[in-house]
Amino acid sequence: MTVETLIPVAYLIAAVTFILGLKGLSSPTTAVQGNRIAATGMLIAVIATFFAADVKGGVPIILAGVAVGGVAGFAGARTVKMTAMPQMVALFNGAGGGAAALVAILEFARQRDAGVLEFGASLATLLALIIGAVSFSGSAIAFGKLQGLITPKAFRYAGQQFVTGGIAAATALLSLVVLGGAIAGSFAIEPMLLIAVITLLALAFGVALVMPIGGADMPVVISLLNAYTGLAVAMAGFTLNNQLLIVAGTLVGASGTILTRLMSKAMNRSLGNVLFGAFGAATTAGAAAASAGLEGRSIRSIGAEDAAILLSYAQNVIVVPGYGLAVAQAQHGVRELADLLESKGINVKYAIHPVAGRMPGHMNVLLAEANVPYDKLFDMEQINPEFQRTDVALVIGANDVTNPAARSNPGSPIYGMPILDVDKAQNIIVIKRSMKPGFAGIDNDLYLDPKTAMLFGDAKDAVSKVVQELKKTA
Amino acid sequence: MTTEAIVAAYVFILAIFVGFEVVSKVPSTLHTPLMSGANAIHGIVIVGAMLVASAIPGPIGTVLGFLAVVLGTANVVGGFVVTDRMLAMFKQRPVRKRE
């Protein structure tokens, strides 16, 4: 028995750790452990692969690649701010997709040189290449949109469907040519040239797929691309006849699909609607309606002192945190504010919209970072009936998830999205930098409500000013 | 169909069911860490990258192989570390409460 015969055993162990890891990640008590179990399995699989016969000559290349990729990945993951996490996940996901596409290209070239091209393996190779490349460029665009490098607005132009459809059709057509060649055993056109063109087309398709989607929908898109990469990896597993790649890739593909559906459900949208519709198409009508509504109504602005007084006379306060709080790193200040209010006997709760921040669960992570007790966080269904009994709703950097237009204005692009019923509170204080619309690019009727007072400023500064005012009265 | 292909198809289909089953009940708090953890797991593509890194002799093959390993490693390492950082924030909560 040689070391090489043990490799499949190591792969089997790794596959089991991935299942246990995913299972662990699904529950709060076992999540940390789950992640580490999966990481251990990954390490076992990588070490075992070094002993594979195919690897022998490539060890220097592999070690160099592992060093570069490892340092880049580790540094990126350690230094990224928690607010920028969604785009970081997008970036790592794109890296995985790109790797899957490159593996497909190399394996295709190897099979061609060895003269063993056949239909099944070539089909899997093409799928790994196309899906991986789409995930790579799509993730890059998603990263750019969240990072503010590209406009987060939905990018649309006349005849867009035809261009996107044309790219897809050309990709499919060229793939059929490659498959035909693989069956016949001879190619009319140099197959590596075809593969190169298919790669470029797939990259273009990824861009065309994500560009028309607005920034507010990016979490769903990243989750979907995550599932895509999983599928690409599974296909690469078919090509290489490697069971571990099939198991791990498929696990992620399947669980990622479920997660994507859960996320779109939280926004009350179907996945098709996110990908092909809504925001872009409806924005013009919605914006017109909203700007008509703005006329003749005025907003009320208050200072930190008034806000402190309003809060200190309240009995029940609900804090509604949003992305603005995350960007300003105001979570620690907010906890201090909440502690102060509680020391005065005021009841403070946090209302977490399913898509608050940039991803489901993102806001929970940020507040946990500031040591906000878990039992103070309430999700939308739990907290919505309580707004009527609330004296002050303190909205910090949240916008679209509080917009009553989602309930009342069928012309609004976010109509039908479940929102926090902030407008039902007795008083509303909104901390916001300016009247600029939120990520969905639409105005918020809540700010025009006579019960609403706007406290303009950076979330962190504004909160710390309110804290200081509260301390004076204490 | 060859036996190998059929076995691979079995593995694929069964893994779909396991994937659906494993994450069907997740509290929304954990959606982001779960996505990130799943993201790290598809970094297993690094094994594929290692297997083909030296498959094609010559500079182009070497460069592509090197890039595949770099991207795969970044996916694995970055994915697990970011997930661990996210989860570490959940963990410290009970400690704080006791203070």
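1. A nonpolar core here is a set of buried Ala, Val, Leu, Ile, Met, Phe, Trp, Tyr and Cys residues joined through C-beta atoms within 7 Å. A residue is buried if 20 or more other C-beta atoms lie within 10 Å of its own, exposed if 12 or fewer, and partly exposed in between, with C-beta atoms placed from the backbone. The largest such core has 194 residues. Val103(A), Ala128(A) and Ile396(A) have the most contacts inside it. Helix α4 (residues 85–114) of chain A gives this core its largest share, 17 residues. The core lies between domain 1 (80–277) and domain 2 (299–473) of chain A, because both give residues to it.

2. Basis of the note. This is a predicted model: local features need pLDDT of at least 70, side-chain atom pairs count only at pLDDT 80 or more, and totals for chains, interfaces and linings use all residues. Residues are numbered from 1 along each chain as its sequence is written, while chains are lettered from A and ligands numbered from 1 in the order in which they are written.

3. Chain A overall. Chain A holds 18 helices and six strands. Both are DSSP runs numbered from the N terminus: helices are H or I with at least four residues, strands E with at least two. Of its 474 residues, 54% count as buried. The C-alpha atoms of chain A fill a box of roughly 80 × 55 × 35 Å along the principal axes. Contacts in chain A with a separation of 6 or more are 79% between residues 24 or more positions apart. Contact means C-beta atoms, placed from the backbone, within 7 Å.

4. Domains. Chain A is divided into domain 1 (80–277) and domain 2 (299–473). The bounds come from an automatic or database domain assignment. The C-alpha centres of the two domains lie 38 Å apart.

5. Strand β1(A). β1 (residues 316–321) of chain A is mostly covered, with five of its six residues buried. β1(A) pairs in the parallel sense with β2 (residues 347–352) of chain A over four bridges. Pairing requires at least two DSSP bridges between the strands. Ile318(A) has Lys349(A) in β2(A) as its bridge partner. β1(A) also pairs in the parallel sense with β4 (residues 392–396) of chain A, over five bridges. There, Pro321(A) is bridged to Ile396(A). Ile396(A) is one of the core residues named in point 1.

6. Helix α5(A). α5 (residues 119–147) of chain A has 29 residues. From first C-alpha to last, α5(A) reaches 41 Å, close to the 42 Å expected at 1.5 Å a residue. The expected span is 1.5 Å times one less than the number of residues. Of the 29 residues in α5(A), 23 are buried. Just after α5(A), Gly148(A) takes a positive phi of about 85°.

7. Chain B. The pattern along the sequence is α-α-α-α-α: five helices and zero strands. Buried residues make up 59% of the 99 residues in chain B.

8. Where the chains meet. The contact takes 78 residues from chain B and 98 from chain A. α1 (3–22), α2 (31–41), α3 (45–52), α4 (59–91) and α5 (93–98) of chain B each supply at least two residues of the side touching chain A. α4(B) gives the most, 29 residues. This side of chain B divides into 47 nonpolar, 23 polar and eight charged residues. Ala, Val, Leu, Ile, Met, Phe, Trp, Tyr, Cys and Pro count as nonpolar, Asp, Glu, Lys and Arg as charged, and the others, Gly among them, as polar.

Technical notes: Contact = placed C-beta atoms within 7 Å.
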